[in-house]
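Me: I have a model open and would like to talk it through piece by piece. Can you take my questions as they come?

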Amino acid sequence: MALATAGFKQQTDELRQRTDEFTQKTSTKLFQLGSQLNRVTGYEQIDALKQRVVEQEARIKATRQAAREAKTAYDDAVLQRSLSQRQVNELLQRKSSWTDGDVSAFTSLVRSDHHLEQHEVATKAKVSENEDALDREFGELMRAILARYHEEQVWSDKIRSASTYGSMMVLGVNVVVFILAIIVVEPWKRRRLAQTFEKKVEEMAAETQALIESGSSKLDERLVKQEGLISEILERAAYDARDLSSPLSVPAATVSVAGNQVGTGPEHSSLWSHLVSRMIQDREVLLVVGSAIAGGAVTLVARSLLRS
């Protein structure tokens, strides 16, 4: 159990370490990619100006603090000199009653007042210098901000121009593709559709023609068989009539043709002729009907293809 716990902890530590390494590498890659993108687009100069503005703000803050300290030192110097001058004035008011100590104190106060005056003048100059430095730093900050604003406007105009040209290029490509589709693709599709339609029509026409020819051949065979049978019956009837030509009446013979009882005597010769002509007419009618059916089938197929 302890070994399993130790192994699981080790795997967890390795997984955490790999995750940290992957996160660090990913962050580094993204930072490098961002830097390269800024370098390409010119935003690196704007970053430099931003850093310059931040540094200038820090310098202004330090200069303002120095000016505040100089002002405080000047106020202290003015206060100390005022106290010294008050003491000197008090001694001068009782000059007639001075003692040796008063003379010594007056001498030291005059000497101290002289030093305080010099210190006051120095602190005043320091205050003026710090105020001038603060004004210069503030002006430098304004110039840095204006330069940053100008560079940002230039960069924005550049990106806007690139976006406009990119949009125009995409629009041009779309127009070219549309024109090519109209000029090249659509005619090719029409030709392909027409070829497919013609091929289908030809195939169906060939199939219909084959069906009609097979039907016609079968019909021809049946008609030939029936004509042969009829001619055989007629020849037999004529032969019998010739052999039996006598004063006796010739009995009327009947022959069954296609399920009908037909006479074979002389008085029925016109009937036989009528039957033969009728069968020939039926053959022609069947051929016409078959052609009409084939034409109707072709027309229906053409309409279905056009609708699809």
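Me: Which side chains meet in a salt bridge at 3.3 Å, N to O?

Reply: Those are the side chains of K71 and D75, where a salt bridge is a side-chain nitrogen of Lys or Arg within 4 Å of a carboxyl oxygen of Asp or Glu. Before going further, please note that this is a predicted model, in which local features need pLDDT of at least 70 and side-chain atom pairs count only at pLDDT 80 or more, while totals for chains, interfaces and linings use all residues. Residues are numbered from 1 along each chain as its sequence is written, and side-chain values use heavy atoms, with hydrogens and water left out.

Me: Where do K71 and D75 lie?

Reply: Both are in helix α2, 4 residues apart, which is about one turn of the helix; helices (H or I, at least four residues) and strands (E, at least two) are DSSP runs numbered from the N terminus. K71 is partly exposed, with a relative accessible area of 37%, and D75 is partly exposed with 38%. Here buried means under 20% relative accessible area, exposed over 50% and partly exposed in between, with a 1.4 Å probe and protein chains only.

Me: How many salt bridges are there in the whole structure?

Reply: A search of the whole structure gives 9. One of them joins the side chains of R59 and E137 at 3.6 Å, N to O, and that pair links distant parts of the chain, since R59 is in helix α2 and E137 in helix α3, 78 residues apart. R59 itself is partly exposed, at 38% relative accessible area.

Me: And what does R81 meet in a salt bridge?

Reply: The side chain of R81 meets that of D113, at 3.8 Å from N to O. R81 lies in helix α2 and D113 in helix α3, so the pair ties together parts that are 32 residues apart in sequence. R81 and D113 also belong to a network of salt bridges that takes in E117 and E120.

Me: Is D113 buried or exposed?

Reply: D113 is buried, because its relative accessible area is 15%, which is under the 20% limit.

Me: Changing topic: which residues make up the largest nonpolar core?

Reply: That core has 5 residues in all, namely V53, I60, L134, L141 and A144. A nonpolar core is a set of buried Ala, Val, Leu, Ile, Met, Phe, Trp, Tyr and Cys residues joined through side-chain atoms within 4.5 Å. The elements that give two or more residues to this core are α2 (43-93) and α3 (100-243), and the largest share, 3 residues, comes from α3.

Me: What is V53 in contact with there?

Reply: Leaving aside neighbours within four places in sequence, V53 is in contact with L141, A144, I145 and R148, contact meaning heavy atoms within 4.5 Å. V53 is found in helix α2 and is buried, at 5% relative accessible area. The C-alpha atoms of V53 and A144 are separated by 5.8 Å, although these residues are 91 apart along the chain.

Me: What about T123, buried or exposed?

Reply: T123 counts as buried, at 7% relative accessibility, and it lies in helix α3. Beyond its neighbours within four places in sequence, T123 is in contact with A70, A73, Y74 and A77.

Me: How many helices and strands does the chain have?

Reply: The secondary structure comes to 4 helices and 2 strands, running α-α-α-β-β-α from the N terminus on. Buried residues make up 15% of the 308 residues in the chain.

Me: Last one: where does pLDDT stay under 50?

Reply: It stays under 50 over residues 246-272, for which the model has 34 contacts beyond four places in sequence; pLDDT is the predictor's confidence in each residue, from 0 to 100. For the chain, the mean pLDDT is 76, and 75% of its residues reach 70 or more.
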